[in-house]
Every structure is written in C-alpha cells, then in structure tokens.
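Please read the following report alongside the sequence and the model.

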Amino acid sequence: MTLRISSFVRPAKFILAVIVAALTLAVVGHATQTIVTSNSAVYTYTLNPGQTGENISPPADTPVWITADQTGTVCGCDDVGSSFMTLVNSSVDRELVWNGFESNKGGLTAGFNPTLGTHIMYIDFSHLVDLEVNNGTSFHVTNSSSNGATANGSVTMDW
Amino acid sequence: MKKPHLRPARRWGRVFSWTLFAVGVLLQASGPHLKIKNNVFILPPAPASAGKVIRPVEIVGRERRLQLLSGVLTLAGALGLAVSYRKVLSGRRSTGHNLVDGTQVASTNS
C-alpha cells in the first residue's frame with residue numbers, strides 16, 4: 001500500500017512543480033511584455049454613414065502623435081487613406097491644439113478649438129471621414145458619407 | 001505512522017507563498033487584458049453608449065499596474081515555494097514532504 005501511494009505522490013510532486021513553473025513563466029512573460037510595450041494605443045472604428053465613434057481623450061498637456069488610417073469600406077470601393085498630426089490636450093487653453101497633414105493631398109491642417117464638430121483631420125481618400133472635436137478634451141471619428149458605405153479604419157496614438 | 005509537524009514559521013511561510021502565487025495567477029486570469037499587436041496596445045471596443053469617453057493613458061496605465069502586480073506576486077510566490085520545498089525539489093528523499101501540506105510521505109527506499 002505504501003509503495004502504491006508513493007508511486008503516485010512522487011510524480012505528482014514534480015507535475016505540480018512543473019505547473020507552478022509554467023504558470024510563473026507565463027504570468028511574468030505577459031507582465032514583462034505589457035510593461036515594455038511602448039506608450040501606443042490603437043482605436044479601431046467601424047462606422048455607418050452619419051455615425052460618430054467613441055470620444056477619445058488624449059492625455060492632458062502631453063503631445064500625442066496621431067496616425068489615422070482608413071483601411072477600406074464594406075462597399076468594396078477604394079477609400080483608403082492615411083494621415084498624421086500632433087495634438088495637445090491643453091489644460092491651459094482648455095481646448096485641443098493640433099498640427100498635421102490631411103489625407104490624400106489635403107494639405108496642412110492646424111487649429112485649436114473646443115467646439116463640438118470642428119474638423120481636425122481627414123482620414124480617408126474621399127475626405128468623408130474625419131477626426132472632429134468633441135469638446136475641449138476629446139475628439140472622435142465621424143463618417144459623413146451618404147453613399148451607404150461603412151468606414152473601417154484605425155487611429156493610433158503615441159504619447 | 002505519526003506525521004511529523006512542521007514548525008509554525010515554515011508552515012506559515014508555505015501558506016504565504018501559496019497565497020501570493022494564487023493571488024498573482026488569479027489577478028492575471030481575471031484582469032481585462034489589452035491585446036498587444038506590433039508593440040501597440042489594442043483598445044477594446046467601448047460599449048455603445050452616448051458620451052462614452054475612451055482614455056488610452058488610463059486604460060494602458062491600469063493594465064500595466066495590474067500586470068506588474070500580478071507578475072511580482074506570482075514570481076515572489078514561486079520563489080517562496082521553491083525555497084520552502086527546496087529539499088523536495090532537489091530530490092532528497094529523507095525529508096519526504098508532501099508539496100501541498102508538508103506532511104511526510106512514504107519512501108520507496110524500503
């Protein structure tokens with residue numbers, strides 16, 4: 001009987017030790033990856049015509065590098081675009097301050113405004129999808145198209 | 001056969017190590033994890049509610065704090081367990097302690 005118990009206990013101890021080691025490696029590995037990942041976050045959007053995405057509030061008084069890319073529409077038509085800018089959520093001015101480039105040869109975009117709906121930067125090829133001011137501390141993506149196409153894309157923020 | 005008792009300090013040390021380890025793993029398992037792709041955090045889609053504001057800095061900061069706490073607790077727990085059970089892990093059969101409750105187990109050397 002003693003021998004039988006021992007034959008189970010000894011492998012069980014090492015299996016338990018291996019499980020503990022594997023869990024530790026997995027947890028510490030994931031934690032390390034999370035900690036060393038740069039201060040970048042991407043927000044992906046899928047917007048129907050006339051729809052506005054969630055409001056995004058960048059960190060206060062920190063310059064944020066924003067790259068926005070429209071990756072396509074569900075209609076299958078070509079509406080791919082890309083754009084970038086720097087933006088500051090200024091607690092002194094109580095408004096967003098930005099400077100950058102519109103998509104598809106749209107030229108420069110620059111401004112400062114806390115008013116809802118103020119255009120910041122076009123994202124897509126046709127200049128129908130853009131970033132707009134929501135209030136003094138946040139912005140959102142708006143699909144202004146009326147052709148029935150759903151816009152898909154992403155807004156990446158580095159701070 | 002009468003089971004030998006561990007000294008209270010060692011017993012509590014083991015309980016403490018298991019607790020640290022379990023809390024660390026549970027934190028890791030229960031947290032709202034952000035996906036990471038191309039060295040960038042993927043923000044989760046917010047629930048469709050008007051006026052919902054996404055704050056990337058707070059979301060990423062919260063995730064980092066949670067992961068750091070989880071990693072430290074798990075690693076500390078695992079190291080504590082390794083120290084507590086070092087004789088068992090190193091294969092010294094004379095001690096013959098069970099990994100879980102520290103009780104003595106039968107030896108195959110009989």
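The report below covers the two chains and the side on which they touch.

This is a predicted model, in which local features need pLDDT of at least 70 and side-chain atom pairs count only at pLDDT 80 or more, while totals for chains, interfaces and linings use all residues. Residues are numbered from 1 along each chain as its sequence is written, and chains are lettered from A and ligands numbered from 1 in the order in which they are written.

Chain A, with bounds from an automatic or database domain assignment, is split into domain 1 (1-37) and domain 2 (40-158), and the C-alpha centres of these two domains of chain A are 47 Å apart.

In chain B, where helices (H or I, at least four residues) and strands (E, at least two) are DSSP runs numbered from the N terminus, there are three helices and three strands, in the order α-β-β-β-α-α from the N terminus on. Of the 110 residues in chain B, 25% are buried (20 or more other C-beta atoms within 10 Å of the residue's own, with C-beta atoms placed from the backbone).

Counting two residues as in contact if their C-beta atoms, placed from the backbone, lie within 7 Å, 36 residues of chain B are in contact with 35 residues of chain A. H2(B) gives the largest share of that side of chain B, 13 residues. The elements of chain B that each supply at least two residues to the side touching chain A are these:

| Element of chain B | Residues |
|---|---|
| Helix H1 | 8-30 |
| Strand S2 | 40-42 |
| Strand S3 | 53-54 |
| Helix H2 | 56-84 |
| Helix H3 | 86-89 |

Notes:
A residue is buried if 20 or more other C-beta atoms lie within 10 Å of its own, exposed if 12 or fewer, and partly exposed in between; C-beta atoms are placed from the backbone.
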